[in-house]
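Below are a few exercises, each with a solution you can follow step by step.

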Amino acid sequence: MTEVHRSACGALRNLVYGKANDDNKIALKNCGGIPALVRLLRKTTDLEIRELVTGVLWNLSSCDALKMPIIQDALAVLTNAVIIPHSGWENSPLQDDHKLQLHSSQVLRNATGCLRNVSSAGEEARRRMRECDGLTDALLYVIQSALGSSEIDSKTVENCVCILRNLSYRLAAETSQGQQMGTDELDGLLCGDANGKDTESSGCWGKKKKKKKSQDQWDGVGPLPDCAEPPKGIQMLWHPSIVKPYLTLLSECSNPDTLEGAAGALQNLAAGSWKWSVYIRAAVRKEKGLPILVELLRIDNDRVVCAVATALRNMALDVRNKELIEKASVFQCHKRQNLVLLNLLALEGSSRGQLVQEEKVAQDLVQLMG
């Protein structure tokens, strides 16, 4: 029976590979294929079969119509049977001497690739993944275990970072913790000040007047308000402790997709006036992350530069950050801005999408410079 499972899963993996085979993917789903694959993954101990099954699920996950069905049928099993035990996270039932090699695990690579795809399926997908016990903890453990090693550029780390970037999107609006805030606090998405000050003028960088310090304010020094317990689960997505691994990736990694994902996660976390966004901006300053972001404006990859520029714009909602960014980046920002504007003039034949991305980089840098 093992050989039959291997042959069947291998054939299915080939039949559902690539966007050209989306009809085959739908057909597989319509005949109950996703639950059947999940049942096999749950019960088999054969490593090759587990690699094949997760490979089929990864291929299926590229079809938009199948992302929610995969979350409904496979999320819990992929998390509990693959990602947690293969990650080496401390709650794993595997003993240290039996743990699989983290980044050489094709099963883990496939499973994180599948969840990376389905994490882009919208608000309900993000909600279910955020609430999946152990998922965030294990993904962060994978990233942290790769820091300082040659595995930092691996596809598995890239997948984990991109999942966390997607799960970090609209946290204030989509989580119960964020919804406990007042409406006014959510409305200050770009023009709210991050140092707890009231605005006298209508401009983002207008004249300010001081306000009494509240318990929710934190400037990067000392213990966090209302945070006696170490973060776990969904709390790890927004806790300032997540800043350090993201910044280490940005300073040590050479994989552009991982760089874009880490910058995008910080961009998401630093947006708006939610108290945790304020804390994230302070933590980036405390960890000396602003020069790391500024330096990445020089990289020869527009997608990375776009994510970094927008992250810096959000960091600059904090007045102290804005001053530090201006001091560190005046030359590099102007240099990059000029290159972007010159590229715009030379892109008459380019697609609208490319033009929009170039314009966004230029606008973010112009706004950053005030």
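Buried means under 20% relative accessible area, exposed over 50%, and partly exposed in between, using a 1.4 Å probe and protein chains only. Helices (H or I, at least four residues) and strands (E, at least two) are DSSP runs, numbered from the N terminus. This is a predicted model, where local features need pLDDT of at least 70 and side-chain atom pairs count only at pLDDT 80 or more, while totals for chains, interfaces and linings use all residues. Residues are numbered from 1 along each chain as its sequence is written, and side-chain values use heavy atoms, with hydrogens and water left out.

**Exercise 1. Work out which residues of α13 are buried and what covers them.**

Step 1: find α13 at residues 243-252.
Step 2: pick out V243, P245, Y246, L247, T248, L249 and L250, the buried ones.
Step 3: that is seven of the 10 residues, so α13 is largely enclosed by the rest of the structure.
Step 4: the cover includes α8 (135-146), α9 (155-167), α14 (256-269), α15 (275-286) and α16 (290-295).
Step 5: move on to N255, in the loop between α13 and α14. With 11% relative accessibility, N255 counts as buried. Skipping neighbours within four places in sequence, N255 touches D153, S154 and E158.

**Exercise 2. Describe how α4 and α6 pack.**

Step 1: axes here are lines fitted to C-alpha atoms, for helices over the stretch in contact, and angles run from 0 to 180 degrees between N-to-C directions. The axes of α4 (residues 47-60) and α6 (residues 106-118) come within 8 Å and cross at roughly 15°.
Step 2: angles under 35 degrees count as roughly parallel, over 145 as roughly antiparallel, 65 to 115 as roughly perpendicular and the rest as oblique. α4 and α6 are therefore roughly parallel.
Step 3: on the α4 side, the residues that meet α6 are L47, R50, E51, T54, G55, L57 and W58. Their partners in α6 are Q106, V107, R109, N110, A111, G113, C114 and N117.

**Exercise 3. Which residues have the most contacts inside the largest nonpolar core?**

Step 1: such a core is a set of buried Ala, Val, Leu, Ile, Met, Phe, Trp, Tyr and Cys residues joined through side-chain atoms within 4.5 Å. The largest has 89 residues.
Step 2: the ones with the most contacts inside it are L60, L115, M129, Y246 and L250. α5 gives the most to this core, with nine residues.
Step 3: zoom in on L60. Neighbours within four places in sequence aside, L60 contacts V16, K25, L28, I34, L37, L66 and I70.

Conventions
Contact = heavy atoms within 4.5 Å.
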